[in-house]
Amino acid sequence: MLWVWIIVAAAVGGLVMLAFFAVWLWRKLRALGTALADLGRQLEGALALLDMVELEPRRPESVH
């Protein structure tokens, strides 16, 4: 009968580890989402700065 309790304890331990892994993975995914959102905001700022740059039209080079 002892072996039944050993198997039950191993199963419960496995479920607890699975729950901890799920929480860890959820936190990592949320951090990744936050980092990607920050990157998107920075890219929007960079594109806004590039839109403000005005370039003169390029003149064709004269051939001598």
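Colleague: Which residue forms a salt bridge with Asp38?

Modeller: Arg41 does, with the closest N and O atoms 2.2 Å apart. A salt bridge here is a side-chain nitrogen of Lys or Arg within 4 Å of a carboxyl oxygen of Asp or Glu. One caveat: this is a predicted model, where local features need pLDDT of at least 70, side-chain atom pairs count only at pLDDT 80 or more, and totals for chains, interfaces and linings use all residues. Residues are numbered from 1 along each chain as its sequence is written, and side-chain values use heavy atoms, leaving out hydrogens and water.

Colleague: How many salt bridges does the structure hold?

Modeller: It holds 1.

Colleague: How are Asp38 and Arg41 separated in helix 1?

Modeller: By about one helical turn, because they are 3 residues apart in helix 1. Helices are DSSP runs (H or I, at least four residues), numbered from the N terminus.

Colleague: Is Arg41 buried or exposed?

Modeller: Exposed, because its relative accessible area is 51%. Asp38 is partly exposed, at 33%. Buried means under 20% relative accessible area, exposed over 50%, partly exposed in between (1.4 Å probe, protein chains only).

Colleague: New topic. Where is Leu32?

Modeller: In helix 1, which covers residues 2-52. Leu32 counts as partly exposed, at 47% relative accessibility.

Colleague: And Ser62, where does that lie?

Modeller: In the segment after helix 1. Ser62 counts as exposed because its relative accessibility is 56%.

Colleague: How many Å apart are Ser62 and Gly13 in space?

Modeller: 80 Å, C-alpha to C-alpha. In sequence, Ser62 and Gly13 are 49 residues apart.

Definitions and conventions
Helices (H or I, at least four residues) and strands (E, at least two) are DSSP runs, numbered from the N terminus.
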